[in-house]
Amino acid sequence: MRADPRALRFGAAITTVVLVFVLVTQSAWLLAAQVVVFALGVAGRSPYTMLFKALVKSAPKETEDARPPRFAQGVGLVFAVAGLAGYVAGIMPLALVATAAALLAAFLNAAFGFCLGCEMYLLIRRLLPAANMEVPK
């Protein structure tokens with residue numbers, strides 16, 4: 001499966017804005033909504049990608065392997081769930097640090113095209129290669 005890098009950066013930009021609002025408002029509900037978005041992204045059904053495809057009709061000049069970005073969505077999901085648990089349990093340091101970590105990763109992708117979770121995926125694949133599976137370039 002292939003992914004449009006423009007859609008991935010678009011999604012990261014929306015995620016950045018959402019997570020900034022979560023930190024400013026300390027809204028567990030908004031973070032819960034982002035948790036759902038991350039979970040859908042892991043399943044390959046990100047609403048942000050769907051919105052991008054509805055708005056942008058041009059075909060991408062290049063595509064990339066969808067596995068690293070889906071892994072990155074999973075990493076975002078883990079941090080968002082940890083942040084949500086912190087908000088719900090009233091453990092503000094956990095809530096703020098986990099949400100800020102997810103925000104940092106989303107911002108790096110949105111602003112600079114650097115997908116931290118994708119790089120983690122590639123590093124893990126190089127360190128633990130599975131039989132008959134290639135590491136995407």
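What share of the contacts in the protein with a separation of 6 or more comes from residues 24 or more positions apart? The share is 73%, with contact meaning heavy atoms within 4.5 Å.

## Basis

This is a predicted model, where local features need pLDDT of at least 70, side-chain atom pairs count only at pLDDT 80 or more, and totals for chains, interfaces and linings use all residues. Residues are numbered from 1 along each chain as its sequence is written, and side-chain values use heavy atoms, without hydrogens or water.

## Overall fold

The protein has six helices and two strands. From the N terminus, the order is β-α-α-α-β-α-α-α. Helices (H or I, at least four residues) and strands (E, at least two) are DSSP runs, numbered from the N terminus.

The radius of gyration is 15 Å, close to the 14 Å from the globule rule for 137 residues, so the protein is as compact as a globular protein of that length. The radius is taken over C-alpha atoms; the rule is 2.2 Å times the number of residues to the power 0.38. The C-alpha trace spans about 45 × 40 × 25 Å along its principal axes. Of the 137 residues, 34% count as buried (under 20% relative accessible area, 1.4 Å probe, protein chains only).

## Helix 4 against helix 6

The axes of helix 4 (residues 67-89) and helix 6 (residues 116-127) come within 7 Å and cross at roughly 110°. Helix 4 is therefore roughly perpendicular to helix 6 (65 to 115 degrees). Axes are lines fitted to C-alpha atoms over the stretch in contact, and angles run from 0 to 180 degrees between N-to-C directions.

Helix 4 contributes Arg67, Pro68, Pro69, Phe71, Ala72 and Val75 to the contact. From helix 6 come Gly117, Cys118, Met120, Tyr121, Leu122, Ile124 and Arg125.

Note on methods: Parallel < 35°, antiparallel > 145°, perpendicular 65-115°, else oblique. Buried < 20%, exposed > 50% of the residue type's maximum accessible area, 1.4 Å probe, protein only.
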